[in-house]
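Me: I am new to this structure. Could you walk me through it, one question at a time?

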Amino acid sequence: MFENVLIHDYYKAYYDLESCIHAECNEHILRSLKGGVDYDDVKKCQEMIILLQTALHRKHELQAQGIQQMAEEEYKAIEEKFLNIAEQTVKEYYDEHPDIETKYVPEAIKTLKRMKEYVKEHLLFLRDFSVPFDNNEAERQARICKIFKKISGQCATLETGKHKMAMLSVLQTATKQKQNTLETHENILNSG
């Protein structure tokens, strides 16, 4: 059972996992909002992009000062602006297109509508500075599995695949913890 923070790209089924804290990947949101600016002419998306990027920059400033939590007033001001942009943009869109079918609503509008509903998950990176802005690191770590499917040395059986992934997990963890990867593998092999 996973009992930590799960950062994901909005997929409703993930919210069925009740033992963990959920956070939304804001990098995916930025891509969707950029599409709203570039392709759907939803100008307010640029305001949300700027707000999210400014909030991330502010988090980094505070961390550089040794501060590990944003002041409540500052957080509330960002949250309020976040909600105002999302609500106003969605309302204006549906006022202009009252009879539009859901399948024709631009992705950026659907995204902003979802952002209103999951504001806490989108801004968790400001509440808890240990929570990253996005899940890009996790995606980079998982991408290596796909690479092994395409190269020689790929895993022919499930058992060899499990062994290779276990080794990669140790390698990635040791690297992340700034440990010597060869020594880490040697210690594991010698302990058994």
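**A first look at the chain**

Reply: Read along the sequence, the pattern of the chain is β-β-α-α-α-α-α-α-α-α-α. Helices (H or I, at least four residues) and strands (E, at least two) are DSSP runs, numbered from the N terminus. This is a predicted model, in which local features need pLDDT of at least 70 and side-chain atom pairs count only at pLDDT 80 or more, while totals for chains, interfaces and linings use all residues. Residues are numbered from 1 along each chain as its sequence is written, and side-chain values use heavy atoms, with hydrogens and water left out.

Me: How many of the chain's residues, as a percentage, count as buried?
Reply: Buried means under 20% relative accessible area, exposed over 50%, and partly exposed in between (1.4 Å probe, protein chains only). The chain has 192 residues, and the buried share is 32%.

Me: Which residues does L52 contact, leaving aside its neighbours within four places in sequence?
Reply: Contact means heavy atoms within 4.5 Å. L52 is among the residues with the most contacts inside the largest core. With those neighbours left aside, its partners are N26, I29, L30, L33, F82, M115, L123, F125 and F133.

Me: Which residues of helix 3 are buried?
Reply: Helix 3 has 25 residues and reaches 36 Å from its first C-alpha to its last, close to the 36 Å expected at 1.5 Å a residue; the expected span is 1.5 Å times one less than the number of residues. What covers its buried residues includes helix 2, helix 4, helix 5 (119-122) and helix 6. The buried ones are Y75, I78, E79, F82, I85, A86, T89, V90 and Y93.

Me: Is G36 buried or exposed?
Reply: G36 has its place in helix 1. Leaving aside neighbours within four places in sequence, G36 is in contact with D41, V42, C45 and A108. Its relative accessible area is 0%, so G36 is buried.

Me: And D41, is that residue buried or exposed?
Reply: D41 lies in the loop between helix 1 and helix 2. It has a positive phi of about 55° although it is not a glycine. Its relative accessibility is 51%, so D41 counts as exposed.

Me: What about K178: buried or exposed?
Reply: K178 lies in the loop between helix 8 (158-176) and helix 9 (181-191). This residue also is not a glycine, yet has a positive phi of about 55°. Its relative accessible area is 77%, so K178 is exposed.

Me: Which helix supplies the largest share of the lining of the second largest pocket?
Reply: The residues lining this pocket are D41, V42, K43, K44, T89, E92, Y93, E96, H97 and I109. Lining residues have an atom within 4 Å of a point of the pocket, an open set on a 1 Å grid over the protein atoms alone, where a 1.4 Å probe fits, with protein on both sides within 12 Å along at least five of seven lines. The largest share, four residues, comes from helix 3.

Note on methods
A nonpolar core is a set of buried Ala, Val, Leu, Ile, Met, Phe, Trp, Tyr and Cys residues joined through side-chain atoms within 4.5 Å.
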